[in-house]
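Visitor: Hi, could you walk me through this structure and how its parts meet?
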Amino acid sequence: MAPNSIHWFRKGLRLHDNPALQEAVRGAGTVRCVYFLDPWFAGSSNVGVNRWRFLLQCLEDLDASLRKLNSRLFVIRGQPANVFPRLFKEWKISRLTFEYDSEPFGKERDAAIKKLAMEAGVEVIVKISHTLYDLDKIIELNGGQPPLTYKRFQTLISRLDPPEMPVETLSDALMGGCVTPVAEDHGEKYGVPSLEELGFDTEGLPSAVWPGGETEALTRIERHLERKAWVANFERPRMNANSLLASPTGLSPYLRFGCLSCRLFYFKLTDLYRKVKKNSSPPLSLYGQLLWREFFYTAATNNPRFDKMEGNPICVRIPWDKNPEALAKWAEAKTGFPWIDAIMTQLRQEGWIHHLARHAVACFLTRGDLWISWEEGMKVFEELLLDADWSVNAGSWMWLSCSSFFQQFFHCYCPVGFGRRTDPNGDFIRRYLPVLRGFPAKFIYDPWNAPESVQAAAKCIIGVHYPKPMVHHAEASRLNIERMKQLYQQLSRYRGLGLLASVPSTNGNGNGGMMAYSPGEQQSGTNNNNSHWAAASPESESASQNGKGPGKRSRRAALSTKCRDRVQRSALKVLKNSALLFPSKYKKHLQAEINASKIKALKCLKVI
Amino acid sequence: MKRGLQENEQEEGGGPSGGYQKSIKWSTKQEEEEKELEEQGASWECLPQEILLHIFQYLPLLDRAYASLVCRGWNQAFHMPELWRCFEFELNQPASSYLKATHPELIKQIIKKHSNHLQYVSFKVDSSRESAEAACNILSQLVNCSLKTLGLISTARPSFMEMPKSHFISALTVVFVNSKSLSSLKIDDTPVDDPSLKVLVANNSDTLKLLKMSSCPHVSPAGIMCVADQCHGLRELALNYHLLSDELLIALSSEKHVHLEHLRIDVVSENPGQQFHTIKKSSWDAMVRHSPKFNLVMYFYLYEEEFDPFFRDEIPVTHLYFGRSVSKDVLGRVGLTCPRLVELVVCANGLRPLDEELIRIAQRCTQLSAIGLGECEVSCSAFVEFVKMCGKRLKQLSIMEEVLVPDHRYELDDIHWEVSKHLGRVWFPDMMPTW
């Protein structure tokens, strides 16, 4: 008897290039495409109305496309783990297919469902199609650790085979004899809910700037490529006032929800490049946007604490300030810096902001001005940003706050100058902050500096109609640069005066940081000599004279070879023992622990 | 008491790695280690105190506390004065910090039993006033100790500025009066004032080597002059530009004064259009004659139009950081007036490329070995030329990818080869995620 299949949609909300969906219909008697939605969860989750609307539009579009194939989408109210067993029985299911989810919680959920399915005698087929590559292969190629620098990541990618070609779009021909049994009451039972049904108040909700769905995504990619072909320039476009606005060729939310296949995008770009550049082979930089996404997915896939500072082995612990009032001002666009507030308004209204605008507001919240934890900013983006993905969102925030991935921290975006350079006229500000519309370009980025007469003429008194700036930027950046420098100097054990040399250098495989970033090292004990500022403390007395102090590293180097052998032996033992204690998914933590143990072993053995 | 201390320690070691857990894992290792030693006929309890002390020095406080519970001998070792010379107090409130604080009970024990052993002390405080006050309360109790270094470090917003000035000053002067041999003092962003500096000088003028006091608004040029006049051993000094004067430089380059090693100046604008005074070339010359190797580190946080008084005459700056947008014109002047420049960091610049300015800097600043460019523009050709001129002496080269503007000679993809070739090592521009 031909199998009855369920295809489970999560991301990958599309019929094109969907290998798992293809598996569902292959030789099957029936197929049902399901999407799980927990209506109770919807209202209480911290996902904002724009993101929900985008999702529902994606689902409606899927349903419409499936109808054309005489099928339907089944939106199931409830949790997969609770509902699947019933569906398996009711629909006599023997095959379950879904797209591979690389994120730690997705993997956990999928493992549970797989087990459930196996117990019910259901075959499970999983296919990778949300990322270009099999992330585990990248990690394997890097010696079992995810690469922590983008450069390293690019090197690894260039050694891999190119991504697999997209598969054919689901069609009548592919469906063959496979049908979807649809009941009379399908709409009632399995229809796509409205925002109101999910408990959102839609009164006065402006229409979506970014309409969701596969159909829209496919229109956009054509437009995107047309424009690229027309410009015939494959460099990253230089930023200008126009790039700040939502563009009808923008793709990021569609990639996030999988309305657009990243592989389709990849190959269309390649084709176009070959056509325009007369068959020369495209450089990696052509795929920048796709590869950054891939980079963060790879970094996150085995790290369940990727979105946290505490307990996250790749995240530097920075003594961020807890300041709910300041955070609220930032999130609600009341910082008093028009550039920041306009971006945050655009984000809340439309669900998308340009990547440099993201850098500007993220830098302002964290290392630039407010010194507030990136985790807080990440949560706000998760609520508002259409393309916020767990891995990419957390990874980018760690990046922008200089909490990981080894980059220079000297460069803080100025909340006045950066905007002014991008959009000297200030039209972007006027669009999103109408209250400032009357200000001349000269003062629109720092209206608090405008003479009273100018403020009066603009009908906007700073401090009354629009807030005064919440921080003194010059003072805040002075303080914050100093703090970042201290932190990074501690990590790199660099004692000199240079700012640039404070960043820990990355060695060969791009995960040298595991050592420097291991929590055991960072804590450095309350009582250790890490007062590197003090010229006359016992350790750094000489440090102030020759720039680089003797530090622990050189003391360690002074160990005899015999001693070192012993240390290695004992470290090996620790490794073996701990390997028994830990499931492999905690490998990364394990590595950190081993490093910490090595150090301890060194400490003890030094004297024996 | 032992029990109490153990609990404190647990608090101390908390955090991401979970010091506690680690110790458990460690114990498996330790057992093996012991077995190995037993086989060799060694025995732990025979370790003499000196060796024990040596071992303890390498252990974090948490592990020492555990060890102290093993036997009388180890417990005695735990309290040896040598182990209590350095201490970093971490004062955080749950409402304002994510990090754990030093347990109050531990603080109490230290004040009671070890305050006379303390020599190198620092306080890390979060942004709450309570934490700053707690730090000052501890300071006030350190009456029978003689500190060599003291650091007051605000890890978030400067909280010492928010507490009553009198409370802060009285706590600080307790240390100044009792210490007599203070050599390093880091008190950036605090309400320290002229009279308290006088007390510092009166008691520690022979020993003071390092003083960091950036952004201390209650200190006047006269206050810092008093330090420079009396403390002839001062080798490192950090302060804001408004405290810098010709007299100060002359005082620091007097015959009685040792060579200055570092001078760090922060130039911060309080309000736009602020006027800044100038320093005479002759004063800088005197400084260089007196301390030929001294490093002058300057951090600028100014609006473009406020740079007018700067870089008009030669200035012996070695490390230069522009935290805000700086004009082509000023960078052109930097090339002409900063022959000792070692590191240059430019966070932002206007829209015109910095080509000639960089070339000039490469020509004139022959010591330059580190450069960082943020939101600037440089044509690829000029950049390659710059790197070629500097060659291998460029140890740090941190350029944001967007900075480099492709031109007729180089595309962005060629440039890393070209630059790597001249540097003699693999080089890439810095990248930011396009997300």
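Guide: One term first: buried area is the accessible area, taken with a 1.4 Å probe, that two parts lose on being put together, summed over both. With that in hand, domain 2 of chain A and domain 3 of chain A bury about 2,000 Å² between them, and 73% of this area is on carbon and sulfur atoms. Please keep in mind that this is a predicted model.

Visitor: Which residues in domain 2 lose the most area to domain 3?
Guide: In domain 2 of chain A these are Met239(A), Leu244(A) and Phe296(A), which together make up 33% of what that side buries.

Visitor: Okay, back up a bit, how is chain A divided into domains?
Guide: Domain 1 covers 1-129, domain 2 is written as 131-166 + 214-302, and domain 3 covers 324-490.

Visitor: And how far apart are the C-alpha centres of domains 2 and 3?
Guide: Those centres lie 28 Å apart in chain A, and the contact takes 22 residues from domain 2 and 26 residues from domain 3.

Visitor: How many salt bridges are there between those two?
Guide: The count between domain 2 and domain 3 of chain A is 1 salt bridge, and 7 residue pairs are in polar contact there, both partners being at pLDDT 80 or more.

Visitor: Which element gives the most to domain 2's side?
Guide: That is H13(A), which gives 7 residues to the side of domain 2 that touches domain 3. By class, this side of domain 2 of chain A has 15 nonpolar, 4 polar and 3 charged residues.

Methods: Residues numbered from 1 in each chain as written. Chains lettered and ligands numbered in written order. Predicted model: local features only at pLDDT ≥ 70, side-chain atom pairs only at ≥ 80, totals over all residues. Heavy atoms only, no water. Domains from an automatic or database assignment. Contact = heavy atoms within 4.5 Å. Salt bridge = Lys/Arg side-chain N within 4 Å of Asp/Glu carboxyl O. Polar contact = N/O pair within 3.5 Å; in protein donor to acceptor, adjacent residues only side chain to side chain. Helix = DSSP H or I, 4+ residues; strand = E, 2+ residues; numbered from the N terminus. Nonpolar A, V, L, I, M, F, W, Y, C, P; charged D, E, K, R; others polar.
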